Amino acid sequence: MAPRREVGLLLLFVLPLASAGLSGYFGTKSRYEEVNPHLVSDPLSLGPGAGGSLPASCTPLQLRAVLRHGTRYPTAGQIRRLGELHARLLRRNAGAAACPAAAALAEWPMWYEESLDGRLAPQGRRDMELLARRMAARFPALFAARRRLALASSSKHRCLQSGAAFRLGLGPTLDFGGDEVEVEVNDSLMRFFDHCAKFVVLVEENDTAMGQVNAFKEGPEMKKVLEKVASALCLPVEELNADLVQVAFLTCSYELAIKNVTSPWCSLFSEEDAKVLEYLNDLKQYWKRGYGYDINSRSSCILFQDIFQHLDEAVEESKSSKPISSPLIVQVGHAETLQPLLALMGYFKDKEPLLATNFARQAQRKFRSGRIVPYAANLVFVLYHCDHVNASQEEYQVQLLLNEKLLPFLHSNETISTYTDLKDYYKDILENCHFKEECELPQVNATAVDEL
């Protein structure tokens with residue numbers, strides 16, 4: 001398929017300085033280009049070291065990709081809060097020459113409508129099309145004509161559209177049994193958290209579970225940011241809170257991700273402010289989707305086990321010299337799908353937990369959601385069959401890629417593992433993590449802290 005010149009058009013503008021200093025701190029609202037900067041100048045580049053480190057005698061048998069949807073619009077709740085803040089500035093600062101920041105924001109056209117509610121933005125479709133093209137270029141043998149593609153998605157509109165855009169990116173030259181590959185809705189795997197009663201009741205709907213997040217909102221770092229923003233907007237600090245300041249910061253991120261412009265909202269924040277607001281976002285991710293509570297990650301074992309069931313099937317089919325029935329499995333979910341899965345696998349775990357009180361000590365933390373699950377984030381398992389090996393267990397090998405970069409395995413720190421070693425390392429999760437039991441609510445009246 002001939003490259004489409006317009007595909008990368010929005011990515012090729014020079015980033016204005018105001019958002020360039022902040023864009024590394026947007027957390028889960030980060031553009032994919034933040035983790036792969038080479039894509040700004042060449043959206044189809046496979047990046048440095050794209051060749052990989054596999055011997056020529058290894059052939060890919062199966063690719064399993066779990067994707068986050070592409071760039072999306074804000075949710076209705078975020079749009080509502082932004083509308084409230086904007087209306088407040090309009091009322092208080094009409095014609096207020098003494099307050100240039102507020103005057104500039106009062107003039108800013110509030111173009112977001114609640115009906116956009118988290119839907120996929122045009123840039124999100126481009127994210128997915130381009131990702132598909134790069135993936136096909138990286139694994140041409142798997143994405144060859146007449147290979148079966150199994151495409152699944154969460155039921156959310158942005159995920160279904162992302163799946164369709166991914167398929168579109170593969171172009172008409174690939175025959176996956178007809179041009180219209182059906183996107184299967186599979187919330188049990190892509191939104192496992194919704195089906196886990198223990199998580200829903202004790203974490204999702206339990207305010208006390210977010211105690212560290214709420215404490216940080218009231219802490220000295222956030223207080224400093226609040227006072228600075230209130231001063232810039234000529235508002236009494238009592239009229240602002242952490243949620244409103246965060247919505248202003250997120251608007252800066254949305255304008256960059258969706259329209260590739262520096263929003264006047266960005267002018268309210270310095271890089272130091274951005275680090276504080278990123279930490280607030282990461283605290284929420286940590287306690288709600290990461291290592292904060294065991295159930296966050298344990299609820300994802302249903303997806304983890306499904307990945308290995310399909311890898312097992314491919315190994316058995318290969319041993320029996322049968323064609324691989326599922327060479328390509330691509331599933332589109334959410335940041336909330338990938339983050340627990342990576343925590344279950346043990347990635348990006350810091351020695352100290354993220355707390356309201358250790359912001360300064362966590363400056364070099366591994367758990368930075370914007371580096372792990374930006375828009376269009378992707379975790380890819382690739383199973384290989386290798387000839388001319390020294391031992392039979394070396395015949396089947398695996399590589400793991402996160403956001404198109406090889407991810408070293410935790411048991412070896414290598415970027416290639418025998419399938420046997422990988423299964424041994426995760427043996428306990430594969431054999432003893434039972435979704436139904438993990439997610440069952442305790443029968444006694446225990447507090448969230450007791451149970452979690």
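A residue counts as buried when its relative accessible area is under 20%, and as exposed when that area is over 50%, with partly exposed in between. By this rule Arg368 is buried, because its relative accessibility is 12%. The structure described here is a predicted model.

**Overall make-up**

The protein has 20 helices and eight strands. Of its 452 residues, 54% count as buried. Among contacts between residues at least 6 apart in sequence, 79% join residues at least 24 apart.

**Salt bridges**

The whole structure holds 17 salt bridges. Three of them are set out below.

| Salt bridge | Distance, N to O |
|---|---|
| Glu114 and Arg80 | 2.9 Å |
| Arg368 and Glu278 | 2.8 Å |
| Glu352 and Arg361 | 2.9 Å |

The side chains of Arg368 and Glu278 meet in a salt bridge. This pair links distant parts of the chain, with Arg368 in the loop between H15 and helix H16 (369–372) and Glu278 in helix H12, 90 residues apart. Glu278 has a relative accessible area of 4% and so is buried, as is Arg368 at 12%. Both residues also belong to a network of salt bridges that links Glu278, Asp282, Arg365 and Arg368.

Glu114 and Arg80 form another of the salt bridges. Here Glu114 sits in the loop between H4 and H5 and Arg80 in helix H3, and the two are 34 residues apart. Glu114 is partly exposed, with a relative accessible area of 39%, and Arg80 is partly exposed at 42%.

In the bridge of Glu352 and Arg361, Glu352 is partly exposed at 32% relative accessible area, whereas Arg361 counts as exposed at 56%.

**A buried charge without a salt bridge**

Asp127 belongs to helix H5 (residues 122–138). Asp127 is buried but has no salt bridge, and the nearest side chain of opposite charge, that of Arg126, is 6.7 Å away. A salt bridge needs a side-chain nitrogen within 4 Å of a carboxyl oxygen. Apart from neighbours within four places in sequence, Asp127 is in contact with Gly70, Thr71, Tyr375 and Ala376.

**Disulfides**

A disulfide is a covalent bond between the sulfur atoms of two cysteines. Five disulfides are found in the whole structure. With the bonded cysteines counted along the chain, their pattern is 1-8, 2-4, 3-10, 5-6, 7-9.

Cys58 is joined to Cys386 by a disulfide with an S to S distance of 2.1 Å. Cys58 lies in strand S1 (residues 58–68) and Cys386 in strand S5 (residues 378–386), so the pair ties together parts that are 328 residues apart in sequence. The link of Cys58 and Cys386 is right-handed, with 110° about the S-S bond. Both cysteines are buried.

Cys99 and Cys234 are also joined, with an S to S distance of 2.0 Å. Cys99 is in the loop between helix H3 (76–93) and helix H4 (100–107), and Cys234 is in the loop between helix H10 (220–232) and helix H11 (242–259), so the pair ties together parts 135 residues apart in sequence. This link too is right-handed, with 110° about the S-S bond. Cys99 is buried at 2% relative accessible area, whereas Cys234 is partly exposed at 36%.

The sulfur atoms of Cys196 and Cys439 are 2.1 Å apart in a further disulfide. Cys196 lies in the loop between helix H7 (187–190) and helix H8 (197–204) and Cys439 in the loop between helix H19 (435–438) and helix H20 (448–451), so parts that are 243 residues apart in sequence are tied together. The torsion about the S-S bond of Cys196 and Cys439 is about -100°, so this disulfide is left-handed. Both Cys196 and Cys439 are buried.

**Pocket and cavities**

The largest pocket contains about 1,000 Å³ of space. It is lined by 34 residues, of which Lys29, Gln78, Lys284, Lys288 and Glu336 are the closest to its centre. Elements giving two or more residues to this lining include H3, H8, H11 and helix H12 (271–288). H12 gives the largest share, five residues.

There are five cavities of 30 Å³ or more. The largest cavity has a volume of about 50 Å³. Its lining includes Leu131, Arg134, Asn378 and Val380. H5 and S5 are the elements that give two or more residues to that lining, and the largest share, four residues, comes from H5.

Notes:
Residues numbered from 1 in each chain as written. Predicted model: local features only at pLDDT ≥ 70, side-chain atom pairs only at ≥ 80, totals over all residues. Heavy atoms only, no water. Disulfide = S-S within 2.5 Å. Buried < 20%, exposed > 50% of the residue type's maximum accessible area, 1.4 Å probe, protein only. Lys, Arg positive; Asp, Glu negative; His and termini not counted. Contact = heavy atoms within 4.5 Å. 1 Å grid on protein atoms, 1.4 Å probe; cavity = no way out; pocket = protein on both sides within 12 Å on 5 of 7 lines; lining within 4 Å. Points joined across faces, edges and corners; volume = space filled by probe spheres on them.
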